[in-house]
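Please keep the sequence and the 3D view open while reading.

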Amino acid sequence: MALTVLRGGHIVDPATGQDAIGDVWFEDGRIVERPEGRSADHEIDVSGHIVMAGAIDIHSHIAGGNVNTARLLLPELHRAIRARLADTPLSTAKWSSYETGRLYAQMGFTTVVEPAMAPHHALQTHLEFNDVPIIDKGALTVLGNDDFLLGMLRDGETDGAINDYVAQTVENTRSLGLKCINPGGVEAFKENMRAFGLDDVVPFYGLTSRQIFQALQKSTQAVGIAHPLHLHMNNLGLAGNIDTALATIDAAQGLPLHLAHVQFYAYGKEGKNGFSSAGALFAEKINANKNVSVDVGQVMFSDTVTISSDVLKQFNSLPGAIPKKGAIFDGDANGGGIVPYAYKISNYYNAIQWAAGLELFLLIDNPEQVFFTTDHPNGGPFTTYPELFALLMSADLRAQHLARLPADVLEHTTLPSISREYTLYEIAQMSRSGAAKLFGFVDRGRLSPGAVADIAVYKPGRDVAGMFRRAALVFKDGALIVRDGQVSHYTRGKTLHIRPRYDQRITNRLDSYYDDLYGLPRSIFDVPDAALPHKDAFAEVPCRI
Amino acid sequence: METATLDGKAIALGDAYKHAAKILSGAAFPLVAGLGADVAGARAAILLAERLKGAFDHLASRETLADIDVKRSFGMFTTTANEARLRGDCVVLIGPGLTRAWPGMLERLALAEPPRRGAQAQQPRKVIWVGPEGEEANAVPGAKVIPASVQELSGVLAAWRARFGGRPVALGAEKVALIDDLVERLRNARFGVFVWSASTLDPLAIEMMQGLVIELNATTRFTGVHIGGRSGASGVTQAAGWMTGFPPRTGFGRGYPEHDPWRFEATRLVDSGEADAALWISAFDDEKPAWSRADIPLITLAPAHTSPSRGLFIKVGQPGVTHDAVLMSQETGGMTLRKASAPTDAPSVAQAIGAIMAEVSEGAWR
């Protein structure tokens, strides 16, 4: 591939500390030093533009059986309206895997992590990834409600055995790490429990949520997974659940822990509705605990659908579904619940949620400790990120929104008092350098020589959201795939995964377990290369150790 | 047996692909139908339909859409066969022919064995079968059999739901007592499971059953296992879902997908003349199209032993038999790779359509 230089742009690259006018050179899909004695084959003048690495979304439900159920459940949510352009099949098929790739690329995103892959449904997630063009993908494997793990913990097995199981599962499902969703709570729901807190006990296993996630947290570190355990805590969405969140951080014992969509846990019980923002309190706790990272799960006012493997929570949400329908799937371990919902600016509770999310963004000091998700599509679709960035970058814009909220909301959030405005550098810390660090990516989220040439170029203007929605240029692996916010053609991204080491004897033990319990070969759940349409679908990311 | 024929006469495979591409790209509104294929075949077929601005349908769409219609208008509770096997203490089989729709059902659900999880572990499993056919009535030792015709199934479910809610039904006292006894068993289940196939239930009956599931879940746990349609229907539906957002019976005439179960039904499209060419895919068992018109150009992809006397025929292999294939597995409820049991070099549906696609002008995404 030709030697290319992007000339004279404003480079914003926190990984190297750059925030100045400069050039970016790349060749053969990688960023390079300016070569001595050679001139560029292509020189592109990007003066007056912002140049960043391609963005990384660390938590977005873009693939897998639960997402597909949501598609089939809600045909009315995604009627297509526009014919596609040449060379981009199905790119305007709304909510299709193809459209997902196109829309992310147009915003300058080049890597996206699907955070909830059930081990027994991993192949479908990977098949869907295969049909998400352009961007690179990765997934987190869900454990923590599975009988094998809970049985091991109940029986007091050694850390070594648990580590082998964790590593084998991550390797075999071809993911980037582990997620734990309402640990033990989903199993408890199958035993007809309707609420499950941090110290409630899973029937027949005698384990608490606390014990389960602590074990997985330790194991994640021990087997060298770069990404800390990604935890979906108990009591999501309930008034007063800030107590759960604070207690969970205390339970982390100083070990690395990522808390998912924390906005949904930032609720106090103040006011006549018994529902208030505890965003400020939560942010203070996060600032004091550097071992914890969070993504926000910002609510953006829109019609959407909640997709979660927290089946207990989703079952409890059914009566509030908008429109009134839903799907509840008691899976082999976690399963899933799909419940449509509409967040309205006129709704007191939704407005508190919106404010609490922004408080978390604005009161957490370190932009590499907080990530910008909407928990797509749970708080709103990923296509609202540009509006979210604009809100973070403008106190005036927030004030305009605040004026439209129900008046009593303002008494139960500190948002009106916050004047902080994110800089572009901080946006890039959150969406590039910090996100890469969080997954141990050493060659993305940065523009230094050797990094993948995933580059987003934006044209600044008064419309900040518009700038982020339609990148002026996007390069994926050095290939120009977006110009003036329009995808010109598809490329095929990779699926990123890690291969932690483990003692092979766990595999034999699992073979016997599946044979005894299900009467099925364990391999029926495998993700073999031959099952995917393309041999080069995967790219390995090194483990931490 | 030739690998490709035109009106019954052998032609070279390369010529067959060219001819197929010519027929399909020359049509104003071509139809991709049957769609009896593995996931790779479905993927290729849907991309072809999109490229041609045609439509696609699956031969078992009536059944698939019965379940999906209930899901998208009302909602649905489901579980995996494995969870039913491990936890189901009260398993209610609804309708005849379940063992035909799913030959491995009795073994996979381990109906003759006790469940293994929860307080119900090692307690005898209660099995109730409403309206079994023939030998099915004796298939599960100790099962309670409630005779009912297919036509009566809706009424049975309605009566159960009414009595569960304490509402009167227009039946004799003896029958009401039997129903009340049965409803009590459902209420006392710890993890109850309905098992059904949409081949014998209409959407209203499925909705009635799912309505009862929701009401049962107010106090206990109850869910369902649905048996997918024939010829790879479940896997094709999943692929259609992520590729277009919609299940089969979707058209691309406007350059984007539109789903309409009436408008894009294959038989209607052909018989009405709206479709002016058809690609019929039936790689599992050579099922024939249900339409009556014989005057539109037809391309058949099937593993036939005798080539059709009319139209273009290209012989393809059978998924999971002659080639490895990803299929939705009824026993796990997830996708799995089935290794070929008797490999041959017959092209798969995906390969055959890939060869046709290569002859269609725009550069293909495959």
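The model is a predicted one.

## Sheets in chain B

In general, the strands of a sheet pair through backbone hydrogen bonds, and the pairing is either parallel or antiparallel.

One open sheet of chain B is formed by nine strands in the order 2-1-15-14-13-3-4-11-12, and its pairing is mixed. Its edges are strand 2 (9–10) and strand 12 (258–259) of chain B, each of which pairs on one side only. Within this sheet, strand 14 (residues 298–302) of chain B and strand 15 (residues 312–315) of chain B run parallel and are joined by four bridges. Opposite B:Leu301 stands B:Ile314, a residue of strand 15 of chain B.

Chain B has another open sheet, made of five strands in the order 8-7-6-9-10, with parallel pairing. Which strands stand at the edges of this sheet? They are strand 8 (144–146) and strand 10 (221–227) of chain B; each has a single partner strand, so one side of each has no neighbour in the sheet. On average, neighbouring strands here are turned by 15 degrees against each other, direction ignored. Strand 6 (residues 90–94) of chain B pairs with strand 7 (residues 126–130) of chain B over five bridges in the parallel sense. One of the bridge pairs is B:Cys90 with B:Lys126, the latter in strand 7 of chain B.

| Helix pair | Axes come within | Crossing angle |
|---|---|---|
| Helix 12 (residues 385–393) and helix 14 (residues 424–439) of chain A | 10 Å | roughly 135 degrees |
| Helix 3 (residues 61–73) and helix 9 (residues 203–216) of chain B | 9 Å | roughly 50 degrees |
| Helix 2 and helix 10 (residues 233–244) of chain B | 9 Å | roughly 45 degrees |

Take the pair in chain A. The axes of helix 12 and helix 14 of chain A cross at roughly 135 degrees, and the two helices are therefore oblique to each other. Their crossing is right-handed. On the helix 12 side, A:Phe389, A:Leu392 and A:Met393 meet A:Leu424, A:Ile427 and A:Met430 of helix 14 of chain A. The residues of this contact divide into six nonpolar, no polar and no charged.

In chain B, helix 3 and helix 9 have axes that cross at roughly 50 degrees, which makes helix 3 of chain B oblique to helix 9 of chain B. The crossing of these two helices is right-handed. In helix 3 of chain B, B:Ala66, B:Asp67, B:Val70 and B:Ser73 meet B:Pro203, B:Ile206, B:Glu207 and B:Gln210 of helix 9 of chain B. This contact has four nonpolar, two polar and two charged residues.

The residues in contact include B:Ile46 and B:Leu47 of helix 2 of chain B and B:Trp242 and B:Met243 of helix 10 of chain B. How many residues of this contact are nonpolar, polar and charged? The division is nine nonpolar, two polar and one charged.

## Salt bridges

Over all chains, the whole structure has 50 salt bridges. One of them joins the side chains of A:Asp250 and A:Lys285, at 2.7 Å from N to O. A:Asp250 is in helix 8 (residues 242–251) of chain A and A:Lys285 is in helix 9 (residues 279–287) of chain A, so this pair links distant parts of the chain, 35 residues apart.

A:Asp511 and A:Arg522 form a salt bridge too, with their closest N and O atoms 2.8 Å apart. A:Asp511 lies in helix 16 (residues 505–517) of chain A, while A:Arg522 lies in the loop between helix 16 and strand 26 (538–540) of chain A, so the pair ties together parts eleven residues apart in sequence.

## Backbone features in loops of chain A

A:Ile322 and A:Pro323 are joined by a cis peptide bond with omega about -10 degrees. A:Pro323 is in the loop between helix 10 (311–317) and strand 18 (327–330) of chain A. The peptide bond from A:His376 to A:Pro377 is cis as well, with omega near -5 degrees. A:Pro377 is in the loop between strand 20 (370–371) and helix 12 of chain A.

A:His261 is not a glycine, yet its phi is positive, at about 35 degrees. A:His261 lies in the loop between strand 13 (257–259) and strand 14 (267–268) of chain A.

Technical notes:
Residues are numbered from 1 along each chain as its sequence is written. Chains are lettered from A and ligands numbered from 1 in the order in which they are written. This is a predicted model: local features need pLDDT of at least 70, side-chain atom pairs count only at pLDDT 80 or more; totals for chains, interfaces and linings use all residues. Side-chain values use heavy atoms; hydrogens and water are left out. Axes are lines fitted to C-alpha atoms, for helices over the stretch in contact, and angles run from 0 to 180 degrees between N-to-C directions. Angles under 35 degrees count as roughly parallel, over 145 as roughly antiparallel, 65 to 115 as roughly perpendicular and the rest as oblique. A crossing is left-handed if the near helix is turned anticlockwise from the far one by less than a right angle, and right-handed if clockwise. Contact means heavy atoms within 4.5 Å. Ala, Val, Leu, Ile, Met, Phe, Trp, Tyr, Cys and Pro count as nonpolar, Asp, Glu, Lys and Arg as charged, and the others, Gly among them, as polar. Two strands pair if DSSP finds at least two bridges between them. A salt bridge is a side-chain nitrogen of Lys or Arg within 4 Å of a carboxyl oxygen of Asp or Glu.
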